[in-house]
Amino acid sequence: MDNPPERGDSQTSHLRASDSNREQVAALLGEALSNGQLSHEEYSERLDTLYQAKTVGELDVLTHDLQVDRRRPAATPVSYHPDATSEPESVVAVFGGAVRKGRWRVRRRTKALAVFGGVQFDLTSAEFEAKEVEITVNAIFGGAEIIVPEGVELRCHGTGIFGGFDVQNGPDIDPSAPVVVVRGLALFGGVSGRAGRRRGR
C-alpha cells in the first residue's frame, strides 16, 4: 500500500475485531471511495487488509487519515463467506410458493422457477458467498420478489414477454456491498426487486 496511514494507539486498539467492526470500517472505506478520498486501487488494497485484520487497532489504521463521519451509523452490514464454494441452488414453485429468508446462504448462482406460483428471496439477513451473486428467475404465469439489504446494488438483465421485471435500487449504493444480478424470463409473469431493511434495525 502506497503511503499507508500510520498506526494509532487507543484504549481499545488491542481488542479483537468483530464482524460488526469490520462491516463498519468497510462502509467508511466505501464512503471515502465515493467522495474521491481513495482511488479504486487504494480502496481495494485497504479492503484486502480489512478482512485480514485481527484487532480494532489494525482496523483503525485503515480510516485514520480519512475525512469520514464516524458517528454516522454504518450502512446495513452484510455477512460474507468468500471461501465457500457450492453448486447453484434451485428453487421451484409450481402452483404454490417458495420462500428463502432469515439467516441463509446466498450461493454464487441461484435458479428459480415459478409456474402459476410465487417465489420470494429475502436477502436482508442472508450471508453472501461472493461479492457478486446471480439470481436467475423464470416466471411463467407466476412471480418472484427479491429483497436486498440497504446499500446492495441490484442489476437487472431479465426479459419480459407479456410480463416484466421491475428491479429498483435504493437511494444509496454502498461500493463495498455485494452486487445482485437478476436474470431470467417473465412470461405472463412478473419479477420485482427492491431494497429492504435488515432485521433488528
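Mentor: The largest nonpolar core has 28 residues, and those with the most contacts inside it are Val119, Phe121, Leu123, Val137, Ile146 and Val180. Please keep in mind that this is a predicted model, where local features need pLDDT of at least 70 and side-chain atom pairs count only at pLDDT 80 or more, while totals for chains, interfaces and linings use all residues. Residues are numbered from 1 along each chain as its sequence is written, and side-chain values use heavy atoms, with hydrogens and water left out.

Trainee: What makes a set of residues a nonpolar core?

Mentor: The members must be buried Ala, Val, Leu, Ile, Met, Phe, Trp, Tyr or Cys residues, joined through side-chain atoms within 4.5 Å. Here β2, β5 (109–115), β6, β8 (132–140), β9 (143–149) and β12 each supply at least two residues of the core. Strand β8 gives the most, four residues. Strands are DSSP runs of E with at least two residues, and helices are runs of H or I with at least four, numbered from the N terminus.

Trainee: Which residues does Phe121 touch, leaving out those up to four places away in sequence?

Mentor: With contact meaning heavy atoms within 4.5 Å, Phe121 touches Val91, Arg100, Trp104, Thr110, Ala112, Ile135, Glu145, Ile146 and Ile147.

Trainee: Why is Asp122 called buried?

Mentor: Buried means under 20% relative accessible area, exposed over 50%, and partly exposed in between (1.4 Å probe, protein chains only). Asp122 has 5% relative accessibility, so Asp122 counts as buried. This residue belongs to strand β6 (residues 118–122).

Trainee: What makes β10 an edge strand?

Mentor: Two strands pair if DSSP finds at least two bridges between them. Nine bridges join β10 to β12 (residues 179–187), and the two run parallel. The open sheet has five strands in the order β2-β5-β8-β12-β10, with parallel pairing. Both β2 (89–94) and β10 (153–161) have a single partner strand, so one side of each is left without a neighbour in the sheet.
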